[in-house]
Amino acid sequence: MLDTLIQRVHWSMKKTDANLSQEPPIVYVAPPTLDREHAHRRAHELDVEELHWLGRRGYSIGWIGQIANRTPPSLAEAAWSSDTPIVLPQFVAKEVARARSMITTSQQLLHRILDDEDCADIFLTEPYVSRLTPHFELLASSHDESDQQEIETLEFDVVDEEEVVAENIWVKLSWLSYAQDDASLRFRFSFGIVGYEDVASDFPRQAYAGELTEAIFPESEIVSHNERLNETIRHITAVENLAFVERIVYFNAPNGGAQFHQDVERGHIGVVYAQLHGRTAWLALSKSNLITEIKHFITRSDVDQVLSEIIPDRESRQTLYRRAAAATELSAYLDDEENDPLEALINRTPAFTQQLIANGYAYILSPGDVILLPQHSVDRCAWHSVFCLDQFPGQALSFAIRQRPQPRSRDKL
Ligand SMILES: [Fe+2]
């Protein structure tokens, strides 16, 4: 049964598989300049099931849709070792249905946060207070004035039989952007001082941060206590003793999402993302395929004309062409924080998105869908970009996957 599951998991290995002739299920319907009515007409001609507007924080990418009755092809081999994202359609659909009341509670929590309620106060009321005490003792609530994206950080001690067994386990609430019209936010669970601590070297505290996630968002069990999913991830990653750490619960809101990025971190091998509520559109592909796509795009005969609208400064476009000419240099440019022209190309250029969609790198995730993102190293990882497709905030779990250093030492995770 596992082989059957894995065989239907993903689409983007198409270039190395006999299913090359099949068309991708997601299509780029029309550029953003077309109005909704005309886009609908075009979608109808293309046999598109549902039309979606793709945009983020004021940038318009275009109209996309899923072709009716076109399902991802069956593929025999797992993509993990080639850094390719793996979609598991509806893999946790039953679990999501069973967790409906927990997800509704989390939506209520989100809306209370959006209404400016203090999270520490909320956690002193039910259902949170019963779930947190006596194991997690809320020590402090803080707000870092220098971090404009931070909403609130709550710090806990972990208490076992009246003894403190771990300190400074925290959940940090942050906006996903500075944009006023993007209400996307996340709850990130970790410990210690951000940026200074080698979190991978302290598995017990990583595990306690995971337990804190489950106390606040018990629907986390959809991933962490799901033997069928765990067995599949074990098979795909060839990691026998799995742990889910550095957990993030996302609420992607209209006009929000995440720009193209990777999630490489020492000690982690990848990320499992499960959509629980609402839908997201993804562009996701291995770094090597992203490099190939960028190089291909800049060889278009009309590239300068296309990019002049997105990157008006001629010198910036020349920098992009020069640094994108060779794969090694382009790889370093992707990792460079000072790469505005490249960032504009991959995030805000409708024609580039159109090319990625045409080449099969787009996905729509609905509640119950899972995507696995290999993150072996900065050179061998899956890059991804996320868009909210609904008029309301969705919810998703995003957990880093690592090898458990001491098998069976903490059976709860
Ligand atoms: Fe990510």
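These exercises walk through a predicted protein model, each with a worked solution.

Residues are numbered from 1 along each chain as its sequence is written, and side-chain values use heavy atoms, with hydrogens and water left out. Local features need pLDDT of at least 70, side-chain atom pairs count only at pLDDT 80 or more, and totals for chains, interfaces and linings use all residues.

**Exercise 1. The whole chain**

Task: Find how many helices and strands the protein chain has, and what share of its residues count as buried.

Solution: 
- Start with the terms. Helices (H or I, at least four residues) and strands (E, at least two) are DSSP runs, numbered from the N terminus.
- The protein chain comes to 15 helices and 16 strands.
- Next, burial. Buried means under 20% relative accessible area, exposed over 50%, and partly exposed in between, with a 1.4 Å probe and protein chains only.
- Of the 413 residues of the protein chain, 54% count as buried.
- Last, contacts, meaning heavy atoms within 4.5 Å. Take those between residues at least 6 apart in sequence: 74% of them join residues at least 24 apart.

**Exercise 2. The iron ion**

Task: Work out which residues coordinate the iron ion, and with which spacing along the chain.

Solution: 
- Donors are N, O and S atoms within 2.8 Å of the metal (3.2 Å for Na, K and Ca); water is not among the atoms, so sites may look incomplete.
- Three residues coordinate the iron ion: His261 through NE2, Asp263 through OD and His384 through NE2.
- The distances run from 2.1 to 2.2 Å.
- Along the chain, the donors follow the spacing H-x1-D-x120-H.
- Check accessibility. His261 has a relative accessible area of 22%, so it is partly exposed.
- Asp263 is at 26% and therefore also counts as partly exposed.

**Exercise 3. The largest pocket**

Task: Describe the largest pocket by its volume and its lining.

Solution: 
- The search uses a 1 Å grid over the protein atoms alone. A cavity is a set of points where a 1.4 Å probe fits but cannot get out. A pocket is an open set with protein on both sides within 12 Å along at least five of seven lines. Lining residues have an atom within 4 Å of a point.
- Grid points are joined across faces, edges and corners, and a volume is the space filled by probe spheres set on the points.
- The largest pocket holds about 1400 Å³ of space.
- It is lined by 46 residues, and the closest to its centre are Arg186, Tyr250, His261, Gln262 and Asp263.
- Strand 10 (residues 257–261) gives the most to the lining, with 5 residues.
- Now sort by class. Ala, Val, Leu, Ile, Met, Phe, Trp, Tyr, Cys and Pro count as nonpolar, Asp, Glu, Lys and Arg as charged, and the others, Gly among them, as polar.
- The lining has 19 nonpolar, 14 polar and 13 charged residues.

**Exercise 4. Gln275**

Task: Place Gln275 in the fold and list its side-chain polar contacts with backbone oxygens.

Solution: 
- Gln275 sits in strand 11 (residues 270–277).
- Its relative accessibility is 1%, so Gln275 counts as buried.
- A polar contact is a pair of N or O atoms within 3.5 Å; within protein, one must be able to donate a hydrogen and the other to accept it, and residues adjacent in sequence count only if both atoms are side-chain atoms.
- A polar side-chain atom of Gln275 lies 3.0 Å from the backbone oxygen of His277.
- The Gln275 side chain also reaches the backbone oxygen of Gly278, at 3.2 Å.
- Leaving out residues up to four places away in sequence, Gln275 touches several others, including Val96, Leu365, Asp369 and Gln395.

**Exercise 5. Glu150**

Task: Decide whether Glu150 is buried or exposed, then trace its side-chain polar contacts.

Solution: 
- Glu150 is in strand 6 (residues 150–160).
- Glu150 is buried because its relative accessible area is 4%.
- Its side chain reaches the backbone nitrogen of Asp144 at 3.0 Å.
- A polar contact of 3.3 Å links the side chains of Glu150 and Thr153.

**Exercise 6. Backbone features**

Task: Locate two cis peptide bonds and two positive phi values.

Solution: 
- The bond from Glu126 to Pro127 is cis, with omega near 5°. Pro127 lies in the loop between helix 5 (119–122) and helix 6 (128–132).
- The bond from Thr133 to Pro134 is cis, with omega near 5°. Pro134 lies in the loop between helix 6 and strand 5 (136–142).
- Glu246, in strand 9 (residues 242–251), has phi near 45°.
- Asn255 has a positive phi of about 75° and lies in the loop between strand 9 and strand 10.
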